[in-house]
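Dear colleague,

Please look at the sequence and the structure side by side as you read.

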Amino acid sequence: MAYERSESTGTGAGDGVDTTALALKILVAGGFGVGKTTLVGSVSEIRPLRTEERLSRAGELVDDTGGVDQKTTTTVAMDFGRITIRSGLSLYLFGTPGQDRFWFLWDELSQGALGAVVLADTRRLEDCFPAVDYFEHRKIPFVVAVNCFTGARTYGAHEVSRALDLDRGTPVVLCDARDRDSGKEVLIRLVEYAGRMHTARLLDSVG
Amino acid sequence: MNEDSTGGGPAVPGGQWYDADAGPLVRPYAMTGGRTRPGPSNVRFDLIALVVVDDDPPGAAEEGLLGPEHRSLLALCRAETQSVAELAADADLPVGVVRVLLGDLLESGFVRVSRPVPPAQLPDERILREVIDGLRAL
Ligand SMILES: Nc1nc2c(ncn2[C@@H]2O[C@H](COP(=O)(O)OP(=O)(O)OP(=O)(O)O)[C@@H](O)[C@H]2O)c(=O)[nH]1
Ligand SMILES: [Mg+2]
């Protein structure tokens with residue numbers, strides 16, 4: 001078996017209930033205001049997470065710091081939620097900031113990620129193009145979740161899939177990010193898909 | 001999407017992700033002695049790396065020498081095995097600060113930090129099945 005389990009203390013307070021613990025990471029990405037925070041909050045207990053980044057990395061392309069050396073770090077807020085499947089098995093959700101300038105965060109976040117949810121709003125589908133490209137290029141399994149805002153014309157999953165020019169097999173799910181069951185369904189589709197992708201790759205590497 | 005300010009100041013599109021003032025960040029780093037990088041072991045803990053208290057920690061005397069932030073972090077670790085991200089959220093500290101503090105605790109043998117699942121090595125089907133069933137049952 002290929003993956004590593006993290007060993008936790010076998011003695012002491014744990015009573016040896018679980019000698020291994022596994023943490024899985026799922027990213028929630030998408031354009032500005034598309035419902036990332038709402039989705040993470042509907043399926044998990046959401047907590048804000050602060051990460052600070054050097055401005056030279058975070059904003060060098062955007063910000064003209066004009067040689068102002070003092071302001072070297074900046075705070076980036078992420079959404080963070082945990083779903084405990086059982087003791088020793090947890091799912092961690094990270095909602096990434098919608099702005100392009102924070103892409104460098106994704107490089108760290110996507111390391112070892114189980115997969116990603118790309119939220120889309122059909123009124124401005126193009127906002128999720130960068131996220132789709134990002135995960136496609138890195139071969140990170142992702143599903144597109146179309147957040148059905150009221151007032152937006154409803155499109156079928158096929159139409160969205162075509163408009164985004166998705167690889168065949170990439171799931172498109174219609175959802176309401178405010179609804180817990182709907183959010184759960186999105187995650188389930190992603191985990192199923194990640195499993196299929198993983199199996200396919202294993203077979204590929206064998207054959 | 002047009003939240004650019006029209007004023008003459010440094011227009012920062014999407015600037016709401018930035019603190020209005022980077023000032024408060026100065027203070028958290030005071031507790032790390034100004035370091036922004038974990039100590040000699042030089043590991044950058046993954047956000048979902050799990051932190052457990054060491055089976056064989058240094059004695060009470062050494063623990064007494066720890067600073068208050070180190071100690072409160074250690075208390076959080078003792079309460080429950082948690083990820084780096086959770087510790088940061090619970091301690092209400094930026095992730096970078098927590099990484100530095102954890103680096104110290106690792107160096108001095110108070111905690112152990114797990115490596116997360118390596119990239120491209122996903123858990124087996126049985127685990128994924130468990131996750132799916134668990135999600136359904138939520
Ligand atoms: N009608 C409707 N409103 C939604 C839905 N999902 C989110 N909203 C609303 O849309 C707004 C933006 O949602 P957020 O969850 O903050 O979006 P976000 O992607 O986190 O936004 P940023 O972090 O700013 O990029 C909020 O006012 C939500 O209440 C939905 O499914 N339907
Ligand atoms: Mg948000």
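In the shell around ligand 1, the most residues from one element, three, come from helix α1 (residues 36-43) of chain A (helices, H or I, of at least four residues and strands, E, of at least two are DSSP runs, numbered from the N terminus). This is a predicted model, in which local features need pLDDT of at least 70 and side-chain atom pairs count only at pLDDT 80 or more, while totals for chains, interfaces and linings use all residues. Residues are numbered from 1 along each chain as its sequence is written, chains are lettered from A and ligands numbered from 1 in the order in which they are written, and side-chain values use heavy atoms, with hydrogens and water left out.

Ligand 1 is surrounded by 15 residues, with A:Gly33, A:Lys36, A:Thr37, A:Thr38 and A:Asn147 the closest (near means a heavy atom within 4 Å). Because these residues come from chains A and B, the site is shared between chains. An oxygen atom of ligand 1 lies 2.5 Å from an N or O atom in the side chain of A:Asn147, and an oxygen atom of the ligand is 2.9 Å from a polar backbone atom of A:Gly33 (a polar contact is a pair of N or O atoms within 3.5 Å).

Best regards

How values were computed:
Polar contact = N/O pair within 3.5 Å; in protein donor to acceptor, adjacent residues only side chain to side chain.
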